[in-house]
Amino acid sequence: MTDPRRRPAEPAPERPAPRAGGIAARATAISAAPPAPDYLNGLNPEQREAVETLDGPLLVLAGAGTGKTRVLTARVAHILSQGRAYPSQILVVTFTNKAAREMKDRIHAMVGDQIEGMPWLGTFHSIGVRILRRHHELVGLKSGFTILDTDDQIRLLKQLLAAENIDEKRWPARLLASTIDSWKNRGLSPKDVPPGEGAVFANGRGGTLYAAYQARLKALNAVDFGDLLLEGIRLFRENPDVLAEYHKRFKYLLVDEYQDTNVAQYLWLRLLAQGSKNVCCVGDDDQSIYGWRGAEVDNILRFESDFPGAKVIRLERNYRSTGHILASAAHLIAHNEGRLGKTLFSEGEDGEQVTVTGAWDSGEEARAVGEEIEALQRAGHKLSEIAILVRASFQMREFEDRFVTLGLPYRVIGGPRFYERAEIRDALAYLRCVNSSADDLAFERIVNVPKRGIGDATVKQIHDVARAVGLPLQEATRVLTESEELKPKVRATLRGVVEAFGRWREQARVLSHTELAEIVLDESGYTEMWQKDRSAEAAGRLENLKELVRSMEPFENLSGFLEHISLVMDTDNGAGEDAVQIMTLHSAKGLEFDTVFLPGWEEGLFPHQRALDEQGKAGLEEERRLAYVGITRARASARIFVASNRRIHGMWNSTVPSRFLDELPDAHVRVEESRGGAGWGGSSYGGGSYGQSRFDRAEPFSASSYSTPGWQRAQANRGRTDQGGFAGASSGSSRSGFSERGGRYDAGGSARRGPMVIEGTLVATSAGPASAFHTGERVFHIKFGYGEVTGIDGNKLTVQFDKAGEKRVLETFVDKV
């Protein structure tokens, strides 16, 4: 029964709708939206757009350090997660096996075991051979065909040259191999080679030899690496049904490092891409630096015309380098006309300015770099995060020698260390045989280098005689040539070898060891062997031989030099050691370091004269891209060095600073004093035809805290120089005022002989009044640095230098500290 005193309850108000933009509305929206896939987390807007753009042709212009590998892998993961294609329907092409492995690992981390079903992720060659294995009969091959390596290829070409009675010394098989490879890189079969190009080799027989080589490959059921794409192109062109099969198979094509593709790779990709518009190429036209091996930057520049309606996304947000480094690189590369255009930027700090440091010569350059690295090491920097990037491999020798002296661990990347190169080992073997007739290992290495017709059977005979009579191989060879055991021609050849070593030992008594080395390399025929070699590597090997002779100059004799080499070769080069990285600029692409040293920024070296002579403007633009690559390898510090004097082709030359220096932006660059000795070198910067550089106009003495005696002398002598820098040789003369051995400049620019110090011994006699120095006094020497006087003999001092050890020097060449 209802209580009459209770009022009826009022109806509850209706529940209001969530206020637009309110907390409830936002919470509801978040809960309703599906979570973003993990592989999209952390992508910036441009990267995410590149990943999610799945329809139509796409060019991703990815600048240095902008995360292109992440974009590629995330894009594959997105295609798979969205169900757009099965793993076997995606073609992903990379340039190196390392890049392919890294990509597989990253995709596996994103999508799991689906990556196992991606058989078409690999390099051009690995995918090319996979296609040829499936259709071998259509290109005239049998199953199980062989892929020849470079050595097999050259051996086969030597047989062809012999069969055609072509002098292999005049027309080397290695040169023919390089020529054929360049034709294949351009997609040219024997019938496609222009007559003019075919006439370049062997007096017009190049094209015929190419055809004979291809026929011989077919007979052997073999291909070389160039055929893996060239035969694939022929397969697709001559068999439209096969090409249609792959069009149907591949729904998505992704290509990494597109700017480095050559013509054959481009043609191969274009044929496969005709079946699908979903083509994504990732690359950076500003990092196309492999034109010398066939890469065509035009491939990426014409992407939009090749694929009408293509979308271009620029990745410009850099995650590697500081603001000053990026601004310097961007300002430099903007001078290239053949580019699509983009400007890298960083959301981080500006960091250190790019530094430009002048040095008197390459020796001072190496000393300055060594001192800066030691300072970084003392400050706690890891040596493995420091790199020296050179334009030419011969530049490495100076740094290697310096680091051995300092005890700094180093590692040469992308090739052997200087003294481990084949041509250097051969030359050293000759010198070791001159120094010691009992050095059997050295004699065995060069007895048939260059080729003298001395085979393994003859060498075995020499060994047998040596063991029987207990003599070294050289002496055993002499004994053997006095008998009738050998054929007359071989006996005469070996007699000539033994007599040559005897003659060189006699000459060693009266000639300097550097002159002797030049004579040995010349008379042995070793230099001529490389002069006649027309391969791409020959010029570099000859330059290395000249650098070897130059490296002998600081030593008193041949024995001292060879002892030094033994110590250098004994230096551990363990892969796990914390060590400075030394490499060429080409080898550095794709790598990054905290600190990067860039030595040798001089005209003729960088940009390299060969690139300018052979390719003109295109060569200059590629050299500029190489400079861009070098600067953008640095995360925190990029340090450029330029020497006023450098030895090139065996001759000392006053250099002109690279034009690239004046293409750097003033606001982001700081000119610094050299820590390695004499400084800039002065008038060669402003006195040449190049004109005065703005870096030379920088006031070198203002607000300077530099306090070494050498620098103080330069300040005191400033009034006697024509410009603000040091006095030096004019750029118009290669040796004006310069003494090659022990030369040193006074304040007026004239040369005076420096102390001839060889392994700590001074070649001079005491003269003059008593010394003004005292035992225990601290002194400074322009070459050896700081030290303490430990002995006095007239005007000669024995000094224990902090880094160079004990040396004997004339007192006129040291200053009190």
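The legends below describe close-up views of a predicted model.

**Figure 1. Overview of the predicted protein.** The secondary structure comprises 29 helices and 25 strands. Of the 817 residues in the protein, 52% are buried. Taking contacts between residues at least 6 apart in sequence, 74% join residues that are at least 24 apart.

Figure 2. Helix α16 covers residues 362-378, which is 17 residues. From first C-alpha to last, α16 reaches 24 Å, close to the 24 Å expected at 1.5 Å a residue. Of its 17 residues, 13 are buried, so α16 is largely enclosed by the rest of the structure. The N-terminal end of α16 is capped by Asp-361, which places a side-chain oxygen 3.1 Å from the backbone nitrogen of Gly-363. Just after the helix, Gly-380 has a positive phi of about 100 degrees.

**Figure 3. Packing of helices α3 and α4.** Helix α3 (residues 68-81) packs against helix α4 (residues 97-111) at an angle of about 45 degrees, and their axes are 9 Å apart. This angle makes α3 oblique to α4. The crossing of α3 past α4 is right-handed. On the α3 side, the residues that meet α4 are Thr-69, Arg-70, Leu-72, Thr-73, Ala-74, Val-76, Ala-77 and Leu-80. Their counterparts in α4 are Glu-102, Met-103, Arg-106, Ile-107, Met-110 and Val-111.

**Figure 4. Packing of helices α22 and α23.** Helix α22 spans residues 488-507 and helix α23 spans residues 513-523; their axes come within 10 Å and cross at roughly 165 degrees. The two helices are therefore roughly antiparallel. Their crossing is right-handed. From α22, Arg-503, Trp-504 and Gln-507 meet Leu-516, Ile-519, Val-520 and Glu-523 of α23.

Figure 5. Glu-231 belongs to helix α10, residues 227-238. Its relative accessibility is 4%, under the 20% limit, so Glu-231 counts as buried. With neighbours within four places in sequence left aside, Glu-231 is in contact with Leu-132, Val-139 and Lys-218.

Figure 6. Ala-579 sits in the loop between α26 (558-569) and β12 (580-584). At 1% relative accessibility, Ala-579 is classed as buried. Ala-579 and Ala-387 are 192 residues apart in sequence, while their C-alpha atoms are 9.3 Å apart in space. Beyond neighbours within four places in sequence, Ala-579 is in contact with Leu-383, Ser-384, Pro-409, Tyr-410 and Arg-411.

**Figure 7. Ser-771 in the loop between β20 and β21.** The loop that holds Ser-771 runs between β20 (761-762) and β21 (778-781). Ser-771 has a relative accessible area of 17%; buried means under 20%, so this residue is buried. Ser-771 and Asp-793 are 22 residues apart in sequence and 8.1 Å apart from C-alpha to C-alpha. If residues up to four places away in sequence are not counted, Ser-771 touches Ile-792, Gly-794, Leu-797 and Glu-811.

Figure 8. The peptide bond from Val-449 to Pro-450 is cis, and its omega is near 0 degrees. Pro-450 lies in the loop between α19 (440-446) and α20 (456-469). Phe-606 and Pro-607 are also joined by a cis peptide bond, with omega about 10 degrees. Pro-607 is placed in the loop between β13 (593-598) and α27 (609-631).

Figure 9. Ala-202 is not a glycine, yet has a positive phi of about 55 degrees. Ala-202 is found in the loop between α8 (195-198) and α9 (206-219). Asn-203 is also in the loop between α8 and α9. The phi of Asn-203 is near 55 degrees, again a positive value in a residue other than glycine. With a relative accessibility of 4%, Ala-202 counts as buried, whereas Asn-203, at 59%, counts as exposed.

Methods:
Residues numbered from 1 in each chain as written. Predicted model: local features only at pLDDT ≥ 70, side-chain atom pairs only at ≥ 80, totals over all residues. Heavy atoms only, no water. Helix = DSSP H or I, 4+ residues; strand = E, 2+ residues; numbered from the N terminus. Expected span 1.5 Å × (residues − 1). Buried < 20%, exposed > 50% of the residue type's maximum accessible area, 1.4 Å probe, protein only. Polar contact = N/O pair within 3.5 Å; in protein donor to acceptor, adjacent residues only side chain to side chain. Axes fitted to C-alpha atoms, helices over the stretch in contact; angles between N-to-C directions. Parallel < 35°, antiparallel > 145°, perpendicular 65-115°, else oblique. Left-handed = near helix turned anticlockwise from the far one by under 90°. Contact = heavy atoms within 4.5 Å.
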